Amino acid sequence: MLKSVFIILLYQLIGELFQKFFGLSIPGPVIGLVLLLLTLLLIQKRQKVVPIKEDLFNSAEILLNYLPLLFIPLGVGVVMHLSLLEDNLASVVFVIILGTLSTLALTGYIMEKILRKKTLVD
Amino acid sequence: MIDQDKLYSIWVYLQAEPLFWLTLTIGSYLIADMAYKKSNLFPLLNPVAMSVLIVSLILILFNIKYERYFDGAKFIHFLLGPATVALAIPIYKNWNLIISNSKAILISLILGSTFAILITYTLSLYLELPKELIMSLLPRNVTAPIAMGISEIIGGIPSLTAIITILTGVVGASLGVFVFDVMKLKNMDARGFSLGLTSHGIGTARAMSRNKNAGVYAAVGMGLSGLLTSILVPLFLKII
């Protein structure tokens, strides 16, 4: 457990440093995500066993199981911006609903079209 | 008789301690999560939205500054970064599936994610929303930890992004099925992927509860769109 916690924290730290060093506009933890993914894929490609794989998978699962809990503290910060939200509530809800439904429809449509072509070719 | 002064001094002690705010945050989440599961995962009873509501009401009711609350709750907040890194694991686990269907996944991913940003920006501009609100809206279709990170970088308000992201998830998870039915879209892989890309974790949970294949594709859509969007949004803002 402790080893996998160390690995996850280490990759986040590298990600944050990477972001600061190169002045990237991608969040540090996301860079950490990519680096961890690349490491795992590289180890797999060389057909070696990923060390502490089970341990890492378990820790990740625990963290991701409670993911919703983790954004409550920042979410509560909405109390500081209630007036901004209130003044634009109808517009924000409109953007969210129309934006979400149109993206859903478009993405689903494109993917189904490509998958159907693929089954025809196969 | 209850000693009023004593009660007051206990309250003063409690609200200054992280312990109280940590307990409150986890307690609200447990209650909200229980209600959500009792309701058979009814999207409008989203546990995060409900917990935020409970905690916010308590802060407003007792006139407590957000900074004081956050000072305690930051210990939970800290785990957000590590959890983001941990998102590498589900992508890694599904890597073979991604490779075996790379063309369909890649094209849908790029077009879907780009469209999500464009439609949000266009609509917000048309409705003349204030700039910080637009920036808070732009990453709304990806998982909250990544969306809040993007929001912070581009000058949005991460707290607002959290709420907006949850709302996006709830809308997609509750109305997605109707959209697909109206379109006569039957392919479960496509349905799932679209739900994950558009409504992140909430959409993925919905897809998983309905169809296993749809659930896996939703998880893939959620992970990959989180990655791509954190590159696309800053890039888009540089171009315009």
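I began with Ile58(B), which I located in helix H3 (residues 47-61) of chain B; helices are DSSP runs of H or I with at least four residues, strands are E runs of at least two, and both are numbered from the N terminus. The model is predicted, and local features need pLDDT of at least 70, side-chain atom pairs count only at pLDDT 80 or more, while totals for chains, interfaces and linings use all residues. Residues are numbered from 1 along each chain as written, chains are lettered from A and ligands numbered from 1 in the order written, and side-chain values use heavy atoms, without hydrogens and water.

I noted that Ile58(B) counts as partly exposed because its relative accessibility is 21%; buried means under 20% relative accessible area, exposed over 50%, and partly exposed in between (1.4 Å probe, protein chains only). Ile58(B) and Leu24(B) lie 34 residues apart in sequence and 9.7 Å apart in space, C-alpha to C-alpha.

I next looked up chain B as a whole. I found 13 helices and zero strands in chain B. Of its 240 residues, 54% count as buried. I recorded a box of roughly 70 × 40 × 35 Å for the C-alpha atoms of chain B, taken along the principal axes. Among chain B contacts (heavy atoms within 4.5 Å) between residues at least 6 apart in sequence, 63% join residues at least 24 apart.

I then turned to Leu167(B), which I found in helix H11 of chain B. Leu167(B) counts as partly exposed, because its relative accessibility is 37%.

Last, I checked chain A, where the domain assignment (automatic or from a database) gives domain 1 (1-70) and domain 2 (81-122). The C-alpha centres of these two domains of chain A lie 29 Å apart.
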